[in-house]
Amino acid sequence: MKRESSIFVAGHRGMVGSALVRALHAGGFENLILRDRSELDLTRQADVERFFATARPEYVLLAAAKVGGILANDSLPVQFIYDNLAIQTNVIDAAHRNGTRKLLFLGSSCVYPRLAPQPITEASLLTGPLEPTNEWYALAKIAGIKMCEAYRRQYGFNAISVMPTNLYGPEDNFDLTSSHVLPALLRKFHEAVERGSPTVEVWGSGAPRREFLHVDDLAAACLFLMERLDEAGWINVGAGTELTIAELARTLARVTGFRGEIRFDTSKPDGTPRKLLDSSRMRALGWAPSISLEDGVRSTYDWYRSRRRAGA
Ligand code: GFB
């Protein structure tokens, strides 16, 4: 991508999209095309076609998606499969037909089988049953990966797919019913300290293991891949380390200053027992994350508190 290239960041108001915009601005890319949902509904095919025919972006970063934590995934199967299939189908096809030079599609580590050997290599895709709590989302994302492959194979369209591990950072969703675990627990501990509550409830057994990557590291990885990767397939982007949900809870309690009791609510689902990506392909290309979990959590907590102070 050149500094003056036109780049459409789909989903620029979300956590990943806004991190991509920050990284692009920092890299001197100023010709960004951004549309919020009121201007362009990406689930409407005719609207997407009209937009692409006029804007004709040279590059597309497809970060628009219906996303959420374990409970949202489990309770809104239609939104997770329909919205994601519609958004990615419309955008990938319109990009191809309107002269886009390269498109980056964002998948998720939950595309891999529930019991994939750990760490999970790219070759694990479609080798076993999915985790039931997020299979609707996973199926849509698998279809997105395969669409990128199909457009490359049939039309030579330069579409690449990136599989990030569990992400966190500024602009994350802190709503307790739809968020992922890290923002949910930051908020629960923060509010417990504020209210002087003696206990905080953590869903599940605390035993599942997860890998967390700061979204600014993912954004840097995406821009790196826009320069370095032009081939079929999909590539994992992870931090390389994992911890249990109980360990994560203790880390977040420390950062927020919560000294009370952490209780595990085993009536809530655990989800996949373990999800650690093998990111050796990324490492071999020369990319590595730079934000430790401790630093990333502290800066995300600072962001969350300033948001609250601003009344957002
Ligand atoms: O982050 P999370 O919702 O998603 O949950 P997944 C991770 C683990 O944290 C699960 C536990 O074992 C949860 O039971 N957990 C503990 C909590 N307390 C909480 C809480 O207060 N809120 C939440 N949300 N979890 C997601 C998929 O799976 O992974 C998405 O649902 C996406 O589709 C994402 O792929 C990367 O890691 O289980």
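1. Among the 23 residues around the ligand, those that come nearest are Ile70, Lys188, Arg210, Pro269 and Asp270, where a residue counts as near if one of its heavy atoms lies within 4 Å. This is a predicted model, in which local features need pLDDT of at least 70 and side-chain atom pairs count only at pLDDT 80 or more, while totals for chains, interfaces and linings use all residues. Residues are numbered from 1 along each chain as its sequence is written, and side-chain values use heavy atoms, with hydrogens and water left out.

2. Polar contacts (pairs of N or O atoms within 3.5 Å) reach oxygen atoms of the ligand from a polar backbone atom of Asp270 at 2.6 Å, from a backbone N or O atom of Ile70 at 2.8 Å, and from a polar side-chain atom of Asn166 at 2.9 Å. Of the 700 Å² of accessible area that the ligand has on its own, the protein covers 97% (Shrake-Rupley method, 1.4 Å probe).

3. At least two residues of the shell come from each of helix H3 (70-75), helix H6 (181-195) and strand E7 (199-203), these being DSSP runs of at least four residues for helices (H or I) and at least two for strands (E). H6 gives the largest share, 4 residues.

4. Helix H4 (residues 77-97) and helix H5 (residues 135-155) pack with their axes 8 Å apart and at an angle of about 15 degrees, the axes being lines fitted to C-alpha atoms over the stretch in contact and the angles running from 0 to 180 degrees between N-to-C directions. H4 and H5 are therefore roughly parallel to each other (angles under 35 degrees).

Note on methods. A polar contact is a pair of N or O atoms within 3.5 Å; within protein, one must be able to donate a hydrogen and the other to accept it, and residues adjacent in sequence count only if both atoms are side-chain atoms. Angles under 35 degrees count as roughly parallel, over 145 as roughly antiparallel, 65 to 115 as roughly perpendicular and the rest as oblique.
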